[in-house]
Amino acid sequence: LVSALQKNSQPVQKITIVPRTMGSLGYTMNMPEEERYLMTRDEILAQITTLLGGRAAEIIKFGQVTTGAANDIERATKLARGRVTQYGMSDAFGPMGLESSGAQYLDGRNVQNCSEETSTLIDDEVRKILSECQEQAVNLLKGNDTALVKISEYLLAKENITGEEFMALLKEARPPQAGECLCLC
């Protein structure tokens, strides 16, 4: 739902609550309409916001969070950190390379090219991005509670939803307002 309500996000292809792998209680598959190799700053923010959508739904519906969003949080953090340290997309640091992927073949970790003080500032910037995206996800879901409930109920009954079924449910629960495009485009 968070993905469909944002510009610069990829269309939903499938949603399932059937566990597939250890630790995964289901997933949402988003696929770009065309093959892409680059992402803009806004697309990265939309993806982070989307990844934090499950946790936002927990906050809204249950008033607390679970461990269910662990992988989404890990992926969102990695994207936010890359935006700041590798892609030069941070207002605080500008076009500055603060990490490189030089040692990825050894242990999978990036190598920092900055001082400990700057590293602390990077953590603050990443935390700020994640907090803002989390707040955006919560606000999107709060404003679309009818759609959230309708889609959740359908998913609990059927366990799987195709992208077409998802969009039909969304349009039924929340017809687009004038000039608005629910992301299937």
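Guide: The model is a predicted one. The buried residues of helix 6 are covered by elements that include strand 1 (12-16), helix 2 (53-62), helix 5 (116-142), strand 5 (160-162) and helix 7 (163-173).

Visitor: Which residues of helix 6 are called buried, and what makes them so?

Guide: They are Ala147, Leu148, Ile151 and Leu155. The term requires under 20% relative accessible area, so each of these residues falls below that limit.

Visitor: How do you know that the buried residues line one face of helix 6?

Guide: Viewed down the axis of helix 6, the buried residues lie within an arc of 100°, and therefore they line one face. In general, an α-helix has 3.6 residues a turn, so residues three or four places apart point the same way.

Visitor: Which residues lie on the other side of helix 6, and why are they called exposed?

Guide: Thr146, Glu153, Leu156 and Ala157 are on that side.

Visitor: What follows helix 6?

Guide: Glutamate 159 follows, and its phi is positive, near 75°.

Visitor: How much of the chain counts as buried?

Guide: Of its 185 residues, 36% count as buried. The chain contains 7 helices and 5 strands.

Technical notes. Residues are numbered from 1 along each chain as its sequence is written. This is a predicted model: local features need pLDDT of at least 70, side-chain atom pairs count only at pLDDT 80 or more; totals for chains, interfaces and linings use all residues. Side-chain values use heavy atoms; hydrogens and water are left out. Buried means under 20% relative accessible area, exposed over 50%, partly exposed in between (1.4 Å probe, protein chains only). Helices (H or I, at least four residues) and strands (E, at least two) are DSSP runs, numbered from the N terminus. The arc is that of the directions from the helix axis to the C-beta atoms. Contact means heavy atoms within 4.5 Å.
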